[in-house]
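This briefing sets out selected features of the structure shown below.

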Amino acid sequence: MTNPARIPRIPFTVLVTAAVAALLSVLIGPAAAQAAPGESRPVYSYDHAIRESVWVDTRLDGDADGRTDRVAVDIVRPAEPAQQGRRIPVIMDASPYYSCCGRGNESQKKTYDDRGRPVQFPLYYDNYFVPRGYATVLVDLAGTNRSDGCIDIGGRSDIGSAKAVVDWLGGRGRAYTARTGGTPVAADWSNGSTGMIGKSWDATIANGVAATGVKGLKTIVPIAGISSWYDYYFAKGAPLYDSGPDSLADRVESPEAQQHCAAVQKKLADGAPRTGDWTGLWTERDYVRRADKVRASVFMVHGMQDLNVRTRHAGQWWDALARHGVERKIWLSQTGHVDPFDFRRGDWVTTLHHWFDHYLMGYDNGIDRAPMADIERAPGTWSTDRQWPAPGTRATTLRPRAGTVPGVGVLGTAKAPHGATAAFTDDPKLSEADWAARIDERTPAKAGFRTAPLRAPLRLSGSGKVTATVTPSTSTAHLSAVLVDLGPDTIRNYAADGEGITTLDKRTCWGAGTPGDTGCFQETAADTQKVGYTVFSRGWADLGNYADAHKGRPLTPGKPYTITLDLAASDHVVPAGHRLALIVAGTDAGLIDPPASTPKFTLDLSRTSAQLPLTGGAPAFARATTGAPRHPAAATPLDGIAPPRSISRMPAAG
């Protein structure tokens with residue numbers, strides 16, 4: 001039985017001890033309990049839950065040892081439904097991190113007893129949902145922890161190993177009681193309905209499995225997930241990291257896999273050249289192009305200041321799902337690479353509970369009719385929208401032109417005269433923070449353009465683009481474009497170690513627990529900073545990809561080239577009194593790697609424009625800027641948040 005002393009630490013009145021759960025089960029029966037209005041209730045014992053491990057046959061031989069790979073699947077499920085002849089749905093998290101790196105803010109790992117049975121399941125999914133009639137299933141991706149095979153960074157092995165488990169849960173696969181040999185075992189306790197969840201790489205696997213159209217996958221909840229692995233490593237040819245997928249595989253593989261997977265790592269290295277050219281390896285790992293196969297609903301969460309899995313992934317995946325009519329919901333926070341459990345805990349658990357109840361248990365609780373989008377406007381302050389991007393949002397063309405102060409440009413709707421130019425020189429030591437801080441000054445490393453202080457708020461909702469015509473002085477060149485809100489604010493400190501949160505000593509419990517898996521976690525609070533500007537959207541490209549987004553070519557110094565930079569998805573309101581700025585520059589230090597040279601650029605203003613997702617379109621921009629006061633005199637440098645000089649080269653483990 002669960003220790004009654006746990007009860008005062010549990011933050012929800014609906015969370016009860018296993019003793020009370022057992023009493024309810026006797027008095028009203030599980031069928032009546034499940035019929036409670038609106039949501040599943042914790043009527044099953046967590047203490048007496050079944051904890052087991054099976055090995056699912058993936059039907060793949062990734063390590064080329066002559067036998068098909070088996071992946072380890074650890075399961076916690078309530079005992080009572082099977083005893084009563086009832087089958088239950090599954091919440092599944094497939095991950096490469098269960099032994100190497102850990103999950104969640106506290107980097108929890110799986111633990112086992114001396115007989116190899118699972119004890120601790122990272123995170124709270126088992127503690128909270130098992131008493132409510134769900135099974136929690138944690139899968140070691142092929143090549144990691146207790147699984148056979150080789151990790152292949154979002155490819156056939158990664159996705160296939162997780163898909164095989166969904167098939168087995170639906171009665172279409174094979175599993176055994178041991179990694180080799182063993183007795184066949186069926187998931188006769190599963191009703192075949194599975195929901196996948198996870199953050200970062202785990203979320204990426206959920207995206208990839210959904211894009212196979214596998215039967216039985218009813219919903220996915222990708223938190224900060226990758227939608228195309230090319231876009232994790234490159235932005236239209238510009239390298240985001242100085243390493244590739246082979247290095248990532250080396251970080252997470254089990255010792256056994258490292259002995260057998262050298263050939264797979266070589267294929268990863270050979271298939272991902274640092275030129276940034278698209279190859280077949282990237283095609284296999286592009287889930288966006290297979291969005292038409294998605295049958296699961298999607299509840300997406302992403303930090304708008306995520307500098308690891310950047311919000312381009314969220315924007316392009318969301319837009320592709322929308323084109324194919326997929327049921328979907330989104331939360332956008334002001335954090336970096338952070339789980340919603342750590343920035344909006346109570347609301348998150350409640351919303352996730354209702355989401356799974358609806359899509360896995362069939363409750364008509366209204367979650368599918370609730371507002372589509374929750375957006376964090378200030379630390380801890382949220383707004384909602386019935387649709388996203390916001391209704392009335394239109395791609396609106398804004399143009400840069402010279403201003404009255406030499407080297408300080410203007411952003412508006414008027415086109416610059418033919419022949420008007422701005423010049424800047426790539427300085428790989430400087431970042432977007434350096435450019436934005438001196439937006440009101442002529443500096444050599446950027447071309448900056450800003451509106452006057454706005455007379456009305458201006459909302460940008462969705463993804464934008466910047467098309468620039470530039471003449472480089474060298475045969476290699478990288479470009480950056482950033483959107484900046486110029487004005488004082490208090491925002492989450494997304495570049496700090498916590499990426500917008502700070503971890504407290506106090507713990508609260510989210511569900512039932514055992515001594516080996518308490519279900520208790522450290523609380524968090526917003527980590528904030530006062531700033532004079534906020535960079536809220538970014539885009540990068542290798543100018544050599546001007547003719548083909550998938551293949552670069554040498555540049556001819558002195559020749560003009562036109563290229564479009566894709567701006568990451570965001571939802572930001574520039575308040576009245578603030579200014580909207582566009583900056584075009586070279587290397588964005590810390591966020592893209594520099595080219596082989598440091599070119600000088602001449603920007604053709606008459607052939608440069610930004611297509612921005614303005615809510616209300618051009619009329620809204622006119623209302624916000626018409627009659628606005630003239631620019632003030634050049635100001636002192638503004639304070640902001642500089643991106644960290646070193647970004648994690650893993651879809652972050654913790």
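Rings of Phe, Tyr and Trp (for Trp, the six-membered ring) are taken to pair if their centres lie within 6.5 Å; planes under 30 degrees apart count as stacked, over 60 as edge-to-face and the rest as tilted. By this rule the count comes to 29 aromatic pairs. The model is predicted: local features need pLDDT of at least 70, side-chain atom pairs count only at pLDDT 80 or more, and totals for chains, interfaces and linings use all residues. Residues are numbered from 1 along each chain as its sequence is written, and side-chain values use heavy atoms, with hydrogens and water left out.

**Aromatic pairs around W201**

- The ring centres of Y97 and W201 are 5.7 Å apart and the planes stand at 85°, so this pair is edge-to-face.
- Y97 belongs to the loop between β3 (88-95) and α3 (125-129) and W201 to helix α5, so the pair ties together parts that are 104 residues apart in sequence. Helices (H or I, at least four residues) and strands (E, at least two) are DSSP runs, numbered from the N terminus.
- Y97 counts as buried at 0% relative accessibility, and W201 is likewise buried with a relative accessible area of 0%. Buried means under 20% relative accessible area, exposed over 50%, and partly exposed in between (1.4 Å probe, protein chains only).
- W201 also pairs with W229: the ring centres are 5.8 Å apart and the planes are at 70°, so this pair too is edge-to-face.
- One aromatic cluster is formed by Y97, W201, W229, Y230, Y232, Y233, F234, Y241, W278 and W282.

- Of the 10 residues of α5, 10 are buried, so the helix is largely enclosed by the rest of the structure.
- The cover over the buried residues of α5 includes β3, α4, β6 (190-199), β7, α7 and α11 (312-323).
- S200 lies in the loop between β6 and α5. Its phi is near 70°, a positive value in a residue other than glycine, and S200 is buried, with a relative accessible area of 0%.

**Helix packing**

- Two packed helices are described by the angle between their axes and the distance between the axes. Axes are lines fitted to C-alpha atoms, for helices over the stretch in contact, and angles run from 0 to 180 degrees between N-to-C directions.
- The axes of α4 (residues 156-169) and α5 (residues 201-210) come within 9 Å and cross at roughly 70°. That makes α4 roughly perpendicular to α5; angles under 35 degrees count as roughly parallel, over 145 as roughly antiparallel, 65 to 115 as roughly perpendicular and the rest as oblique.
- D158, I159, A162, K163 and V166 of α4 make this contact with W201, I205, G208 and V209 of α5, where contact means heavy atoms within 4.5 Å.
- The residues in the contact of α4 with α5 divide into 6 nonpolar, 1 polar and 2 charged. Ala, Val, Leu, Ile, Met, Phe, Trp, Tyr, Cys and Pro count as nonpolar, Asp, Glu, Lys and Arg as charged, and the others, Gly among them, as polar.
- The axes of α7 (residues 245-252) and α9 (residues 262-271) come within 7 Å and cross at roughly 150°. That makes α7 roughly antiparallel to α9.
- P245, D246, A249 and D250 of α7 meet Q265, L268 and A269 of α9, and by class this contact has 4 nonpolar, 1 polar and 2 charged residues.

**Arginines**

- The charged end of R345 sits over the ring of F341, 4.0 Å from its centre, and that of R553 sits over the ring of Y546, 5.9 Å from its centre. A charge sits over a ring if NZ of Lys or CZ of Arg is within 6 Å of the ring centre and within 35 degrees of the ring normal.
- R146, in the loop between β4 (135-140) and α4, counts as buried at 18% relative accessibility.
- Leaving aside neighbours within four places in sequence, R146 is in contact with S53, W55, A72, D74, Y112, G116, D140 and R179.

**Backbone features elsewhere**

- The peptide bond from W388 to P389 is cis, with omega near -5°; P389 is found in the loop between β13 (381-385) and β14 (393-405).
- E499 has a positive phi of about 55° although it is not a glycine. This residue is in the loop between β19 (478-492) and β20 (501-509), and E499 counts as partly exposed at 22% relative accessibility.
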